[in-house]
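The sequence and the structure are shown first, and the description follows.

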Amino acid sequence: MEFENKFTQKAQKAISLSQKCAMDTSCNYIGTEHLLYGLLDEGSGFAAKYLQEKGVTLEALYENIVKFNQNSDFSGNFAGFTPRTNRTLQQSVAEAHKLQSSYIGTEHILLALSRERDSVAVRILLSMGLPNNLYEDILASLTSASPNTPKAESKKGADTPTLNQ
């Protein structure tokens, strides 16, 4: 990936853990469901905290991944990212730009993942009770969690007495 050096360490760890999950579930590809597992398994990034807050556990997620991939047969030839997973990672760059971020964190990957409405990852999340407006819910959680988002910065700038003179 040409944008790999822009991923935070937590995002890189999540991507690495997604490959491990794919292998553990006998898949020869990294699907969106594996990427989702990696985000949760990373444990300390925004994506993991968001998913934990919504009641998503590693055990339940793993069970759902196995259920969705029960017909997979690991042939030994690892194919890498599926086209949808690759598109999700590329879209995470756009999500970072929208939020005026110079890095790509787990939050940007989760936002991009939530836009892939037909993906296995989103179908699993919806089946686990997460809201249908997943993208908006994640964005609202991110905005309220971070004072460095564009919305918070513009609000902060409006309340600067010295600059307002």
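The secondary structure of the protein chain, taken from a predicted model, consists of 10 helices and two strands.

The protein chain has 165 residues, of which 42% count as buried. Its exposed surface comes to about 8,800 Å², and carbon and sulfur atoms supply 48% of that area. Among contacts between residues at least 6 apart in sequence, 68% join residues that are at least 24 apart.

**The packing of H5 and H6**

Two packed helices are described by the angle between their axes and the distance between the axes. Helix H5 covers residues 83–98 and helix H6 covers residues 106–115; they pack at an angle of about 115 degrees, with 8 Å between their axes. The crossing in which H5 passes H6 is right-handed. On the H5 side, the contact is formed by Thr-88, Leu-89, Gln-91, Ser-92, Glu-95, Ala-96 and Lys-98. These residues meet His-108, Ile-109, Leu-111, Ala-112, Leu-113 and Arg-115 of H6. By class, the residues of the contact of H5 with H6 comprise six nonpolar, four polar and three charged.

Is Leu-134 buried or exposed? Leu-134 counts as buried because its relative accessibility is 1%, which is under the cut-off of 20%. With residues up to four places away in sequence left out, Leu-134 touches Tyr-50, Ser-114, Arg-117, Val-122 and Leu-125. Leu-113, one of the H6 residues in the contact with H5, stands 21 residues from Leu-134 along the chain, and the C-alpha atoms of Leu-134 and Leu-113 are separated by 9.8 Å.

Asn-64 is found in helix H4, which spans residues 58–68. Asn-64 has a relative accessible area of 12% and is therefore buried. Which residues does Asn-64 touch, not counting those up to four places away in sequence? They are Ile-124, Ser-127 and Met-128.

The relative accessible areas of these two residues are set out below.

| Residue | Relative accessible area |
|---|---|
| Leu-134 | 1% |
| Asn-64 | 12% |

Technical notes
Residues are numbered from 1 along each chain as its sequence is written. This is a predicted model: local features need pLDDT of at least 70, side-chain atom pairs count only at pLDDT 80 or more; totals for chains, interfaces and linings use all residues. Side-chain values use heavy atoms; hydrogens and water are left out. Axes are lines fitted to C-alpha atoms, for helices over the stretch in contact, and angles run from 0 to 180 degrees between N-to-C directions. Helices (H or I, at least four residues) and strands (E, at least two) are DSSP runs, numbered from the N terminus. A crossing is left-handed if the near helix is turned anticlockwise from the far one by less than a right angle, and right-handed if clockwise. Contact means heavy atoms within 4.5 Å. Ala, Val, Leu, Ile, Met, Phe, Trp, Tyr, Cys and Pro count as nonpolar, Asp, Glu, Lys and Arg as charged, and the others, Gly among them, as polar. Buried means under 20% relative accessible area, exposed over 50%, partly exposed in between (1.4 Å probe, protein chains only). Accessible areas come from the Shrake-Rupley method with a 1.4 Å probe; for residues, only the protein chains shown count as cover.
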